[in-house]
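Hi,

Here is the structure I promised to pass on. Have a look at it, and below you will find my notes on its side-chain contacts.

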Amino acid sequence: MTGEFLAFFILSLLTIGGAVFMISFTRVVHMVISLGITFISIAGLFVLLGAEFVGVAQVLVYSGAISILMLFGIMLTKHDASDEGTGRSWKNIFSLVFVAGLFGLMFWGIQKTVWTVPPEGAAAQTASVKQLGVEIFTKYVIPFELVSVLLLVALVGAIIMAKKEGDSE
């Protein structure tokens, strides 16, 4: 067992566990924290794959996104401080058994798969961060700006919808 395998095992458990906890929690703050753990462990998996830039971008972008998500999730939703859960313990146990079985099946399948090694001369072409930036801001500048405008419109729309709900009450 190598260190890389151990790191992959731990990061994959954190990714799957954070996703399962995100779905099963009832409080918004707990959901956001588990979602943050999922995103950070996915960034660790990117680093293990040799995509350090994507991993760092994942942490930077999603750390900001998680902060905004927490802010809007807490401020724009109604939540009762006395809500302690809905009493779905049998569903939680079933979900845990299902996820553990799925994890065991996938782990067994990965261990039994014969992976082929590419020849020495067929190394993947690596791109630097500078080359990536030049590509984005020359060839793909219009889609990049359209995505930023789309995200801004979605943010303004969410604020307007939340304000209308607050005014009607």
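Lys139 and Glu135 are joined through their side chains by a salt bridge, at 3.8 Å from N to O (a side-chain nitrogen of Lys or Arg within 4 Å of a carboxyl oxygen of Asp or Glu). A search of the whole structure turns up one salt bridge. Lys139 is exposed at 57% relative accessible area, while Glu135 is partly exposed at 35% (buried is under 20%, exposed over 50%, partly exposed in between, with a 1.4 Å probe and protein chains only).

A word on the source: this is a predicted model, where local features need pLDDT of at least 70, side-chain atom pairs count only at pLDDT 80 or more, and totals for chains, interfaces and linings use all residues. Residues are numbered from 1 along each chain as its sequence is written, and side-chain values use heavy atoms, leaving out hydrogens and water.

Now the rings. There are seven aromatic pairs in the structure (rings of Phe, Tyr and Trp, the latter by its six-membered ring, with centres within 6.5 Å; stacked under 30 degrees between planes, edge-to-face over 60, tilted for the rest). One of them is the tilted pair of Phe5 and Phe107, with 6.4 Å between centres and 45 degrees between planes. Because Phe5 sits in helix 1 (residues 3-24) and Phe107 in helix 4 (residues 89-112), this pair ties together parts 102 residues apart in sequence (helices are DSSP runs of H or I, at least four residues, numbered from the N terminus). Phe5 is partly exposed at 27%, and so is Phe107 at 32%. Phe21 and Phe25 are stacked, since their centres are 5.4 Å apart and their planes at 10 degrees.

Ring pairs also link Phe5, Phe9, Phe103 and Phe107 into a cluster.

Best wishes

Conventions:
Helix = DSSP H or I, 4+ residues; strand = E, 2+ residues; numbered from the N terminus.
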